[in-house]
Amino acid sequence: MSALTMAGNPVISRRLSRLPGWTVLALWTAAVLLPLYILVVSCFKSTAEIYDNRLGLPASWAFDNFVNAWTRADLGHNFINSLIVTAGAVILTIVVSAMAAYPLSRYRLGWNAIMLGLFLSGIMLPIRLASVELFTLMRNLGLLDSLTGLILVYSAIRIPFAVFIFANFMRVLPSELDEAARMDGAGEVRILFQIILPMVKPAVSIVAIFTAIAVWNDFFFPLIFIFDDRYKTVPLAISVFVGQYRTDWGLVFASLAISMAPILIMYCLLARQIREGVGAGGGMK
Amino acid sequence: MIDRRRKSSLKRTQQRMAVLFILPALAVYALFVLYPLAMSLWGSFFIWKGLRITEFAGLSNFSRLFVFPSSARLYGALWHNTAWFFGIMVFQNGIGLLFAWLLFLRDRGAAFFQSVFFFPAVLSPVIVGALWRLLLAPGGVVEWALNGLGLHQGSLTVLGNSHTALAMLVAVDAWNWMGLPVLIYTAGLRQISGQIFEAAKLDGAGNARMLFSVALPLLMPALGTLTTLSFINTFNQFDIVYVMQGVQGNPSYSTDTLVTYFYRLAFGAEGAVGITDIGLALALGTMLFLILSVGTLLMLRFFDRRTVQL
């Protein structure tokens with residue numbers, strides 16, 4: 001890279017030649033940040049003020065919209081449901097996928113390749129197309145209208161990606177690790193959870209981050225499986241809100257802000273890991 | 001001798017432990033992904049009464065898809081998904097390449113721009129769709145800005161106009177995912193040796209020449225990944241349409257996609273009375289499954305062959 005910039009141009013003309021490039025990048029930065037800025041300031045405005053004062057800061061920073069979204073529209077409830085489902089799916093996915101990836105990547109079984117292939121094929125499978133049969137299955141198992149049902153479905157969908165990531169990270173660990181532990185009399189369960197898993201922490205965080213994003217954001221499965229208001233998750237509630245409170249823009253903006261807050265905070269803390277994780281796995285959506 | 005016996009007993013333990021370790025993941029995955037998918041493909045060859053199979057129907061569900069009135073919805077949705085895919089290839093992956101190239105040319109600030117550009121990709125398409133629905137609505141901030149700049153007059157109705165609605169959704173989708181091509185292309189560009197660019201520069205290649213004649217052929221793996229991902233995502237498009245235009249793909253089905261059509265057939269919002277037609281839904285699902293798997297395989301092969309080895 002530096003080879004390019006050291007081609008010997010005078011500094012000033014180099015800076016000028018970079019101007020169009022910077023402008024383009026700045027324009028897209030504005031295209032990303034401006035809608036988000038409007039979203040945030042609109043949360044503190046009444047609907048009338050949203051129309052009168054489009055871009056400015058609110059006249060007074062009122063929290064009415066947040067309070068109304070949380071209580072009147074009962075978003076707090078949906079928020080807790082989403083937290084339970086996301087945490088449940090992340091934990092279940094990590095535990096079972098790490099368990100499966102360990103023998104598949106570190107034992108010589110004779111059938112690891114086939115089994116790994118079976119798991120990996122799931123990265124491509126369009127599960128939404130199976131939603132009718134999935135619905136029937138969930139009904140027969142008594143899992144409709146339940147957070148447990150959502151946790152199981154999300155884990156099933158995320159397992160292929162998680163097994164892929166864990167297997168890739170575990171494969172390259174030196175074989176002396178588990179051999180030495182085995183000599184010392186450690187069982188396989190202990191080797192996995194106390195020696196191997198701590199060694200693949202980056203894999204654990206990649207799986208945790210991408211599972212959390214996918215599950216927190218999903219809308220399709222709650223739409224099909226959840227009917228009772230008590231079990232609705234945030235994206236499902238938002239889709240109802242947008243129609244129901246279409247004239248109360250401040251309330252809708254506030255509910256959008258609340259629902260993206262956890263992801264926003266996570267992104268600010270983990271932007272680097274997320275950028276690198278996209279390179280490592282690519283399995284985002 | 002002792003060593004060999006210990007090894008074979010270790011092997012037996014490992015076989016047994018492997019089964020125990022793999023079983024939980026396999027059970028969940030097989031029960032909630034493989035089994036329903038296999039049953040859906042199988043079920044598309046049967047006549048359905050409500051949620052129950054009655055008798056074998058051969059290919060009749062499939063042929064019904066191509067007959068009026070189903071054919072209008074099918075061809076419409078197919079066309080919208082195809083247009084969506086090409087729109088994303090040009091406006092998301094094309095512009096994303098330009099951004100990645102600009103970030104590659106100057107080494108400072110890349111991490112900042114990448115983080116900002118990627119941020120919308122971690123938001124739910126439902127939130128993104130709802131946000132842009134408010135911004136693009138009549139009386140919304142986009143209308144106000146365009147009117148203020150003198151680029152437009154009166155009420156902005158792009159989402160209510162069947163000629164512009166689909167393009168708007170594609171633009172929102174591109175806004176949502178722009179960070180992905182930027183990340184993947186910059187990663188690809190960094191893998192290319194600086195000597196290649198140096199050599200091209202000595203031969204008198206300008207920036208544009210270097211991007212299209214030197215970098216792009218070497219970026220085939222990145223382009224392949226993005227094309228395949230965009231293809232899969234486009235043909236699964238549902239959330240943005242549902243939130244911005246409703247499950248019918250308003251106005252007058254102009255933003256209908258294969259999955260919104262599938263959803264209506266399967267869960268009952270198709271037609272005036274909102275009945276379900278499971279046989280038709282499963283046939284559509286099987287067709288979509290074929291489109292996705294054949295399309296993905298063809299793309300992977302296409303890009304594999306065009307990968308330049310150095």
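Tutor: Helices here are DSSP runs of H or I with at least four residues, strands are runs of E with at least two, and both are numbered from the N terminus. The model is predicted: local features need pLDDT of at least 70, side-chain atom pairs count only at pLDDT 80 or more, and totals for chains, interfaces and linings use all residues. Residues are numbered from 1 along each chain as its sequence is written, chains are lettered from A and ligands numbered from 1 in the order in which they are written, and side-chain values use heavy atoms, with hydrogens and water left out.

Student: Where is the place of Pro251(B) in chain B?

Tutor: Most peptide bonds are trans. The bond from Asn250(B) to Pro251(B) is cis, with omega near -15°. As for its place, Pro251(B) is in the loop between α12 (239-245) and α13 (258-267) of chain B.

Student: What is omega for the peptide bond from Phe68(B) to Pro69(B)?

Tutor: Pro69(B) lies in the loop between α2 and α3 of chain B. The bond that joins Phe68(B) to Pro69(B) is cis, and its omega is near 5°.

Student: Is Ser252(B) buried or exposed?

Tutor: Ser252(B) lies in the loop between α12 and α13 of chain B and has a positive phi of about 40°, although it is not a glycine. Buried means under 20% relative accessible area, exposed over 50%, and partly exposed in between, with a 1.4 Å probe and protein chains only. The relative accessible area of Ser252(B) is 59%, so this residue is exposed.

Student: What is phi of Tyr253(B) near?

Tutor: The loop between α12 and α13 of chain B also holds Tyr253(B). With a relative accessible area of 24%, Tyr253(B) is partly exposed. Its phi is positive, in a residue other than glycine, and is near 60°.

Student: Which residue has its charged end over the ring of Tyr253(B)?

Tutor: A charge sits over a ring if NZ of Lys or CZ of Arg is within 6 Å of the ring centre and within 35 degrees of the ring normal. At 3.6 Å from the centre of the Tyr253(B) ring sits the charged end of Arg73(B).

Student: How far from the ring centre of Phe302(B) is the charged end of Arg306(B)?

Tutor: This is another charge over a ring, with Arg306(B) supplying the charged end and Phe302(B) the ring. The distance from the ring centre is 3.9 Å.

Student: How many aromatic pairs are there over all chains?

Tutor: Rings of Phe, Tyr and Trp (its six-membered ring) pair if their centres lie within 6.5 Å; planes under 30 degrees apart count as stacked, over 60 as edge-to-face and the rest as tilted. Over all chains, the number of aromatic pairs is 42.

Student: Of what kind is the pair of Phe79(A) and Trp216(A)?

Tutor: The two ring centres are 5.4 Å apart and the planes stand at 80°, so the pair of Phe79(A) and Trp216(A) is edge-to-face. The pair links distant parts of the chain, with Phe79(A) in helix α6 (residues 75-106) and Trp216(A) in helix α12 (residues 201-217) of chain A, 137 residues apart. Phe79(A) is buried at 15% relative accessible area, and Trp216(A) is buried at 5%. By its planes, the kind of the pair is edge-to-face.

Student: How many residues apart are Phe85(B) and Phe231(B)?

Tutor: Their ring centres are 5.8 Å apart and their planes at 80°, so this pair is edge-to-face. Phe85(B) is buried at 9% relative accessible area, as is Phe231(B) at 7%. Phe85(B) is in helix α3 of chain B and Phe231(B) in helix α11 of chain B, and the separation in residues is 146.

Student: Which element gives the most to the lining of the largest cavity?

Tutor: A cavity is a set of points on a 1 Å grid over the protein atoms alone where a 1.4 Å probe fits but cannot get out, and lining residues have an atom within 4 Å of a point. The largest cavity is lined by 13 residues, with Ile88(B), Gln92(B), Trp177(B), Ser230(B) and Asn233(B) nearest its centre. Two or more lining residues each come from α3 (70-105), α7 (165-177) and α11 (220-234) of chain B. With five residues, the element that gives the most is α11(B).

Student: What separates the C-alpha atoms of Arg64(B) and Pro138(B)?

Tutor: Arg64(B) is in helix α2 (residues 60-65) of chain B and is partly exposed, at 35% relative accessibility. Along the chain, Arg64(B) and Pro138(B) are 74 residues apart, and their C-alpha atoms are separated by 40 Å.

Key
On a 1 Å grid over the protein atoms alone, a cavity is a set of points where a 1.4 Å probe fits but cannot get out, and a pocket is an open set with protein on both sides within 12 Å along at least five of seven lines; lining residues have an atom within 4 Å of a point.
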